[in-house]
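Here is a short briefing on aromatic rings and what surrounds them. Look at the model first, then read the points below.

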Amino acid sequence: MEKDLETILDDCIDELRKGGSVESILAKYPEYKSELKPLLELVQAMEQLPKPEPSADAVSAALVGIGEEIALLHPVEFPGLKKKRRSIFGKLFQQPRLAWTLSAALALVLMFVGISTVSANSVPGDILYPLKLVTEKVSFLLAFSSERKAELRLTFSEQRTKEIRQVLQQSDKLDERLLNAMLKEAQSALEETPNDTSAIFLAKLNAVNTYQKDVLESFRPRVDSANEKIVNRAIRVCDMRGRWIRGMMRGNWDETPERRSPAPHQEGRRSERRGWGPGCDWMR
Amino acid sequence: MRLYMREKVLELAEEELQAVLEQARRLEPKAIAKLSEYCYPKVFRYIFYHVNNPADVEDLTGEVCLRMVQSIQQQKGSFKGWIYRVASNVVTDFYRRSAVRQVVDPAADSVEDIVDDTDETGHLLNQAQLKEGLSHLTDEQREVIILKFIEGYETEEIAHMLEKSNEAVRALQFRAITTLKKILQTEK
């Protein structure tokens, strides 16, 4: 059965996609050459056009929106809240304007709590992970005392450690960005620590530092040689920090010559003066 | 805020896509994230040739992904066909909202904001010219051209997605290419 021109054109497009040239394809259909040639040239031009690609920012923004949507589709239930709301807010909700304001505020709080709860166990690559980072930033901004800020930094550092372990368990890969973030948060925690900080907090700092070192040592055998060097450097940073924290716990961290208090003109970030901060890039 | 994005476009084989879809229908966040990552560039390219303003293209693509999440549990049949139908509906709603269908102006609001004009690379056609040409086709013809030459699907896949016969798609394709050729020749 003779093919119609529409089918012939479709076959020619298939051949073009397989790598045939316009001329070689047209040679198979000499009777249709004049009709097919301009059409195939246009097809070739369309196939060669660069594909429009979205920006990473646009994809990120869309994923955040989707994350919020998922949080709404996964409502978090709070036992006892329903009963409490009826008994405490029952009278207030009788006034329409006040009821509306309270409802809106409550919805916002619930949404925020819901999103935060759902995103708490996320790891990089998860849709809710950016929300987790945002939640951390918000809680940090709402902290006013430097001890509270230092505590939060320490919590974030601990979180990054857990995430490194999770990622390593899931994909058998070391996430360098997380490792970097873990050390930086711990470094920031030390920088935020006030000189008159409590012994409890110093003990906590020391415990987290030891825990991080243990974690790093536990997965050192599982990483390749390039990553092993990075892990070794990170372990050395933990060692240095451990010595410094223990010195601080003994109350003599400023007494040794190399750890003497800086002159006023040398005031800078504590970590830079001590040789494990930004001035001593651990990645080097 | 930093998102850990893949550097390359995510592609899924049919079996893998079906597995992800099954999980996404149970609203598993990881599966929905994967599905969104898979769909976003495809929908973006589709909408790119329907809408003029790059910011609108991004907004509408985001809207399609949101609608996908909201309705994924009810989705049946060809997923690819469905997602393009959702995209088509979102574009229609967009023009309905803005009341006046904008005349595609190749010089307006810089298509080149997203990808460079291809004249410089020696191609016979650039995105702005194709966009202009597509605006003169019927909705069905435009659909076939975008799915075939922008998204790279085969005729059979397009027929399945649009719920048409292979012959109908070939006929639409033939008429669309012929019309496009005439339009582009006239412009030159």
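Rings of Phe, Tyr and Trp (its six-membered ring) pair if their centres lie within 6.5 Å; planes under 30 degrees apart count as stacked, over 60 as edge-to-face and the rest as tilted. By that rule, a search of the whole structure finds seven aromatic pairs over all chains. This is a predicted model: local features need pLDDT of at least 70, side-chain atom pairs count only at pLDDT 80 or more, and totals for chains, interfaces and linings use all residues. Residues are numbered from 1 along each chain as its sequence is written, chains are lettered from A and ligands numbered from 1 in the order in which they are written, and side-chain values use heavy atoms, without hydrogens and water.

**Aromatic pairs**
- Two of the rings belong to Tyr46(B) and Tyr84(B): their centres are 5.3 Å apart and their planes at 45°, so the pair is tilted.
- Tyr46(B) lies in helix α2 (residues 29-48) of chain B and Tyr84(B) in helix α4 (residues 79-98) of chain B, so the pair ties together parts 38 residues apart in sequence. Helices are DSSP runs (H or I, at least four residues), numbered from the N terminus.
- Both Tyr46(B) and Tyr84(B) are buried, meaning under 20% relative accessible area (1.4 Å probe, protein chains only).
- Phe94(B) and Tyr95(B) have ring centres 5.1 Å apart and planes at 65°, so this pair is edge-to-face.

**Cluster and charges**
- Tyr40(B), Phe44(B), Phe48(B) and Tyr49(B) form one aromatic cluster.
- The charged end of Lys131(B) sits over the Phe48(B) ring, 4.4 Å from its centre. The cut-offs are NZ of Lys or CZ of Arg within 6 Å of the ring centre and within 35 degrees of the ring normal.

Note on methods:
Helix = DSSP H or I, 4+ residues; strand = E, 2+ residues; numbered from the N terminus. Buried < 20%, exposed > 50% of the residue type's maximum accessible area, 1.4 Å probe, protein only.
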